[in-house]
Amino acid sequence: MPLAFAEPTDAAIPLHVVPADAVDDALAQLSPAGQAWADAQGFAGSLGQVLTVPDAQGHVSQVLVGYGSAAKRARDRFHMGAVARKLPAGTYDIKSGLSGDDLTEAALAWLLAGYSYDRYVKPSTAIAGLVAPDGVDAARIAIIANGEALTRELINTPASDMGPDELEEATRTLAAGHDASIHVTTGDDLITSNFPMIHTVGRASTRAPRLIDMRWGDKGPQLTLVGKGVCFDTGGLNIKPGASMGLMKKDMGGAATVLGLAHMIMALNLPLRLRVLIPAVENGIDGNAFRPQDILTSRKGLTVEINNTDAEGRLVLADALTLADEDDPALVISMATLTGAARVAVGPDIAPFFTDDDARADAIAKAARKVADPVWRMPFHAPYEAMIEPGIADLDNAPKGGFAGAITAALFLRRFVESPYMHFDIYGWQPSAAPSRPRGGVGMGARAVLEALPEMLDL
């Protein structure tokens, strides 16, 4: 079911958000019986604390929700998502305590709290409904929530049901819903169409590799999104240990994130031309798998020495980025679950990004703060270029030494793009449950990009 606000109704229960320093004022608005009830329940406005206030018949007449202190709130986000799951069944209406961006975040948090992955289990009980608060763009919030839900659903689906063919089908479904065109190059056609590295990485799997190419819009600047679609990564002949392979269904998280973002862009009918490129492969093991020390020639003509078959994402992205560059877009953005080094640098909750454009970097950072989608800029550090130059070929796909792994991967990708370029090295996974983010697949960076697009593309 789509994530949606409840229909407006006079029966909606008023909900008041109360910061810790405004408790006395809030309680003063209650009847003497209500004040006694609040005192008996120990309501102190603590972050996430819920007080249901009964009427004379014992029905819930209103709800007070603690909002804590600014310092407590700053330690996380989407606090109203946790509240949504604490409330009794019913429909609620936020009447006071929030405004502006805080109210928008609260409304989005409530919708996202309604997402659960239930493909293989009985659906969980629906959360309490929320009437779209006055003063928010309800349609935009619902579109963003459902774009995020698409991303989560794709990442959460195991590789047994989300291989390259299923990822293609998901893209076709999205395209059909927005009147977008789609073209897919599959299997050996990748060779004749000059996508050699996509073919090489995916050829050992029984599920054919492919390049998915979706286009939408006929006016405005062109934005090209490139998403890593490695539907499962064994590591290839440099096979991953079991502990590292356990989450590799999420290695198509970049593809899932750009598809969620694409839904947002198309549903909002932004005045731009959108292209989405997804190299969809499974990095398997067989007699025809590519090997360490192989040298591959890319679509761009650059040669790549393979020093680790587990650094395959940058190979498939390289051919897709070369294609992206060929029609001179205004901006290329790649998203990929690319390196463990990025996780070491910023952890699982922050999306590091790379760009040479200071103005666009500032736009992304500002947007990320506004929409509670944390990002952090990392450098395309030119002195490290030598680390990806092995001498025997133009590029090395896995420099030795272990230093600056996220940066050297980003530098590798930049070699294939001449157009304005931004790269996100995302995690795509929520390791433990948090408000509005159950454990599992999660979008990262998409809402920040969406918010920044008008400034970045002068829309």
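1. At 27% relative accessibility, D357 counts as partly exposed, where the word buried is kept for residues under 20% relative accessible area, exposed for those over 50%, and partly exposed for those in between, with a 1.4 Å probe and protein chains only. The side chain of D357 meets that of R360 in a salt bridge, with 3.6 Å from N to O, a salt bridge being a side-chain nitrogen of Lys or Arg within 4 Å of a carboxyl oxygen of Asp or Glu. R360, for its part, is buried, and its relative accessible area is 13%.

2. Some notes on the basis of these remarks follow. The model is predicted, and local features therefore need a pLDDT of at least 70 and side-chain atom pairs count only at pLDDT 80 or more, whereas totals for chains, interfaces and linings use all residues. Residues are numbered from 1 along each chain as its sequence is written, and side-chain values use heavy atoms, with hydrogens and water left out.

3. Side chains of opposite charge can pair when their charged atoms come close. Searching the whole structure gives 30 salt bridges, and one of them joins R207 to E282, whose closest N and O atoms are 3.4 Å apart. This pair links distant parts of the chain, since R207 is in the loop between α9 (196–202) and β7 (210–216) while E282 is in strand β10, and the two are 75 residues apart; helices (H or I, at least four residues) and strands (E, at least two) are DSSP runs, numbered from the N terminus. R207 counts as buried at a relative accessible area of 18%, and E282 is likewise buried, at 14%.

4. A salt bridge also joins the side chains of K228 and D251, at 2.9 Å from N to O. Here, too, distant parts of the chain are linked: K228 is in the loop between β8 (222–227) and β9 (229–233), D251 is in the loop between α10 (242–245) and α11, and 23 residues separate them. Both partners, K228 and D251, are buried. Elsewhere, a network of salt bridges links D356, E385, E389, R414 and R415.

5. Strands of a sheet pair through backbone hydrogen bonds, either parallel or antiparallel. In this model, five strands form an open sheet with mixed pairing, in the order β2-β3-β1-β4-β5, and two strands are said to pair if DSSP finds at least two bridges between them. The edges of this sheet are β2 (50–54) and β5 (129–130), each of which pairs on one side only.

6. Which residues of β3 are the bridge partners of H16 and V17? Strand β1 (residues 13–19) runs parallel to strand β3 (residues 60–68) over five bridges, and within β3 the partner of H16 is L64, while the partner of V17 is V65. In the hairpin of β2 and β3, five residues lie between the strands, and G58 takes a positive phi near 90°.

7. Another open sheet has three strands in the order β11-β12-β16, again with mixed pairing. Its edge strands are β11 (295–297) and β16 (395–396), each pairing on one side only. Three bridges join β11 to strand β12 (residues 303–305) in the antiparallel sense, and L296 stands opposite V304 in β12.

8. Is helix α15 mostly covered or mostly uncovered? Helix α15 (residues 405–414) is mostly covered, with nine of its ten residues buried; the buried ones are G405, A406, I407, T408, A409, A410, L411, F412 and L413. As background for reading this list, an α-helix has 3.6 residues a turn, so residues three or four places apart point the same way.

9. Two backbone angles deserve a careful look. N269, although not a glycine, has a positive phi of about 55°, and N269 is found in the loop between α11 (253–267) and β10 (273–283). With a relative accessibility of 56%, N269 counts as exposed. D458, in the segment after α16 (446–457), also has a positive phi in a residue other than glycine, near 55°. At 71% relative accessibility, D458 counts as exposed.
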